[in-house]
Amino acid sequence: METITFETSQAYAKKMDAQDPLGQYRNHFHLPKHSDGKDILYFCGNSLGLQPKKVEEYLIQELSDWKEFGVEGHFHAKNAWMPYHEFFSKKLSKIVGAKEKEVVVMNTLTTNLHLMMVSFYRPTPKRHKIVIEKAAFPSDKYAVASQIRFHGYPADSLIQLAPRKGEETLRTEDIEAVIRENGEEIALIMIGGVNYYTGQFFDLKKITEIGHEVGAKVGFDLAHAAGNVVLKLHDWNVDFAVWCHYKYLNSGPGAIAGAFVHERHLTDPDIPRFEGWWGHDKNSRFLMGDTFEPMASAESWQLSNAPVFSMTPLLASLELFDEIGMEKLNEKSNKLTSYMEFLLKQTDNDRIRIITPAEVKDRGCQLSIQVKDGNKGLFDKITEQGVIADWREPDVIRVAPVPLYNSYEDVYSFVHLLFDSLND
Ligand SMILES: *Cc1c(COP(=O)(O)O)cnc(C)c1O
């Protein structure tokens, strides 16, 4: 990112918005309103992205196609339901840096994590450990711990990466040391690409390299990374990845999730998977044969036919991502978040501090603001005044200025509300 000298005035925020080439995209979203009728200051796109305006039209299309065609909608709907999942491959592959055949939309996130571990966590008495961050999202920890138990290995097969004393985030050199130390015993490294709590974006390329050097498989949960940071899953040689689409990808609560399987694994007969009819070669699927013939793509991990209604919002959202491209989006994201960081540093009040890495390359758009005394009162105060952010126990306010729909003025207003509440 070029170095920008930010300024503290509101006029500056307005000027930045006026010059923002992506500024008009805010109009493509519904912004929730505060009780005073003004737009909410929405900074929770890392938890549930806002609704693209096109979603309603697209959903009504599916409802009316169902009404009009019944089962024939599989072929005659405007977007035929039979190949519905295929409509996402191209646009989605660009978002995560993959080949089209390496991505698939299916199920929900934690389900996909389990399905991927069925294939890529193949423990043996010598090599049975899984490496994860200690502060991983709870669902990921439950998933890996239960896989270990499922295979009959003890709880200490889980290696948890913890920051150094007095530090909040992990150093790549420390991750490397743990991996090398346990090298021959590690079956799988499974880390959240961007940590949900601190907002730290790990060096996925490096972690994958080191993991492969010691003979482990490497997979990532990209719930907080997909649509937020630039990813190159194929080039980085990642074995598998999973993510959801309701956070930065704006596809609505509980939306369909995504998965990536690297090309080199796609037709490897030694990699087992749980199978269902939608993973069967589509050319012969309806011959209803007895033996499973897999698609030569990540689609072979699909179990069931497409849940169209939970996929439709993703169509509307991906159109916007495709129009802009992740590089441009990321450019604005870096600016907007650095601007928020700059404003937050204008206070000398030591009740708050940012625990997200200061290096732009080590984070996405989220900043995690630690409240020193762990007092949630500060968060409640800004909430009352029309901010939607979130509080994560024990002491963090997470704020995500999302480049698709947040403005510089949103950021300005938020920081000033926060400062006012700090001084109350
Ligand atoms: C949001 C999130 C989840 C949620 O999992 P679901 O299966 O979609 O409910 C899991 N893991 C991470 C890292 C997340 O950020």
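Domain bounds, as used here, come from an automatic or database domain assignment. On that basis the protein chain is divided into domain 1, which covers 10-30 + 326-423, and domain 2, which covers 60-321, and the C-alpha centres of domain 1 and domain 2 lie 29 Å apart. The model is a predicted one, in which local features need pLDDT of at least 70 and side-chain atom pairs count only at pLDDT 80 or more, whereas totals for chains, interfaces and linings use all residues. Residues are numbered from 1 along each chain as its sequence is written, and side-chain values use heavy atoms, with hydrogens and water left out.

Consider next how the domains meet. Counting as contact any heavy atoms within 4.5 Å, 29 residues of domain 1 are in contact with 19 residues of domain 2. The two domains bury about 2000 Å² between them, 58% of it on carbon and sulfur atoms, where buried area is the accessible area (1.4 Å probe) that two parts lose on being put together, summed over both. On the side of domain 1, Met326, Ile355 and Gln366 lose the most area to domain 2, and together they account for 28% of what that side buries.

The rule finds two salt bridges between domain 1 and domain 2, a salt bridge being a side-chain nitrogen of Lys or Arg within 4 Å of a carboxyl oxygen of Asp or Glu. The side chains of Glu327 and Lys232 meet in a salt bridge, at 3.9 Å from N to O.

A polar side-chain atom of Asp140 lies 2.7 Å from a nitrogen atom of the ligand, while an oxygen atom of the ligand is 2.5 Å from an N or O atom in the side chain of Lys247.

Definitions and conventions:
Polar contact = N/O pair within 3.5 Å; in protein donor to acceptor, adjacent residues only side chain to side chain.
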